[in-house]
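Here are my notes for you on this one. Keep the structure open while you read, and find each residue as it comes up.

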Amino acid sequence: SAFSHPRSGGIQAITLEDGDEVMAARRTDGRREVLLATKAGMIIRFSEEEVRPMGRTAAGVRGIDVDEGDAVICADVVQEGASILTVTERGYGKRTPLEEYRLQGRAGKGIIDIKTEGRNGTVVGMLQVRDDDDVLLVTTKGKLIRFHATDVKLQGRNTMGVRIVDLDADDKV
């Protein structure tokens with residue numbers, strides 16, 4: 001209802017600190033679970049009920065505590081029965097069963113989703129997939145591949161993943 005009377009110039013939806021930006025918004029019923037992933041390979045799963053309702057211009061609450069140089073890159077509402085597909089900038093990735101991501105309290109450091117050191121590079125995407133889903137992956141040089149979610153090996157958390165796309169040295173996902 002706080003957004004029911006928009007103005008032609010828009011209305012303020014959140015107050016942001018300097019350097020912060022909105023990277024995602026999802027509509028929920030207020031009783032779901034949330035996943036937040038960072039470019040350094042951390043992920044947190046928490047109950048949305050831990051986030052109290054606030055006014056439209058409030059700054060909100062911390063979802064995940066990120067280290068210096070890290071940033072939240074993906075946010076989603078948990079879909080039961082899905083697995084988590086994580087992809088890194090150097091073309092590696094993995095699928096992990098949702099059950100491997102335990103429910104935590106919000107504002108924590110989270111848990112390791114994928115290792116980002118060495119060959120992998122930073123995380124560029126995290127999404128929930130089902131076995132019959134197809135995924136499109138695009139590189140900075142315009143290379144596009146389409147693959148079935150099941151083509152990516154199902155692995156545990158805290159692993160390096162497998163090569164999804166072969167990249168030139170100067171290309172990234």
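The points below go through the sheets, a charged patch and then the salt bridges.

1. Before anything else, remember that this is a predicted model. Residue numbers start from 1 along the chain as its sequence is written, so you can look each residue up directly.

2. Let's begin with a sheet. Four strands make up an open sheet in the order β3-β1-β2-β6, and their pairing is antiparallel. Which strands stand at the edges? They are β3 (72–77) and β6 (111–112); each has a single partner strand, so one side of each has no neighbour in the sheet.

3. Now zoom in on β1, which covers residues 33–38. This strand runs antiparallel to β3, and five bridges join the two. If you want a spot to look at, find V34: its bridge partner in β3 is V77.

4. There is another open sheet of four strands, with the order β7-β4-β5-β10 and antiparallel pairing. Here the edge strands are β7 (123–129) and β10 (162–163), each pairing on one side only.

5. How many bridges pair β4 with β7? The count is six, and β4 (residues 83–88) pairs with β7 in the antiparallel sense. To see part of this pairing, look for T86, which stands opposite M126 in β7.

6. Next, some charge on the surface. E17, D18, D20 and E21 form a negative patch there. One of them, D18, sits in the segment before β1. Is D18 buried or exposed? With a relative accessible area of 80%, D18 is exposed, because the cut-off for that word is over 50%.

7. On to salt bridges: the model has 13 of them. One is between the side chains of R26 and D76, at 3.7 Å from N to O. This pair links distant parts of the chain, since R26 belongs to the segment before β1 and D76 to strand β3, 50 residues apart. D76 has 18% relative accessibility, so it counts as buried, the limit being under 20%.

8. The side chains of K109 and D67 also meet in a salt bridge, at 2.4 Å from N to O. Why does this pair tie together separate parts of the sequence? K109 is in the loop between β5 (92–97) and β6, while D67 is in the loop between β2 (42–47) and β3, so the parts they join are 42 residues apart. K109 is partly exposed at 39% relative accessible area, and D67 is partly exposed too, at 47%.

9. Where do the two residues lie? K141 is in the loop between β8 (134–138) and β9 (144–148), and D168 is in the segment after β10, which puts them 27 residues apart in distant parts of the chain. K141 counts as partly exposed at 48% relative accessibility, and D168 counts as partly exposed at 47%.

Key:
This is a predicted model: local features need pLDDT of at least 70, side-chain atom pairs count only at pLDDT 80 or more; totals for chains, interfaces and linings use all residues. Side-chain values use heavy atoms; hydrogens and water are left out. Two strands pair if DSSP finds at least two bridges between them. Patches are made of residues with over 30% relative accessible area and no salt bridge: like charges are joined within 9 Å, nonpolar side chains (Val, Leu, Ile, Met, Phe, Trp, Tyr) within 5 Å. Accessible areas come from the Shrake-Rupley method with a 1.4 Å probe; for residues, only the protein chains shown count as cover. A salt bridge is a side-chain nitrogen of Lys or Arg within 4 Å of a carboxyl oxygen of Asp or Glu. Lys and Arg count as positive and Asp and Glu as negative; His and the chain ends are not counted. The place of a charge is taken as NZ of Lys, CZ of Arg, CG of Asp or CD of Glu. Buried means under 20% relative accessible area, exposed over 50%, partly exposed in between (1.4 Å probe, protein chains only).
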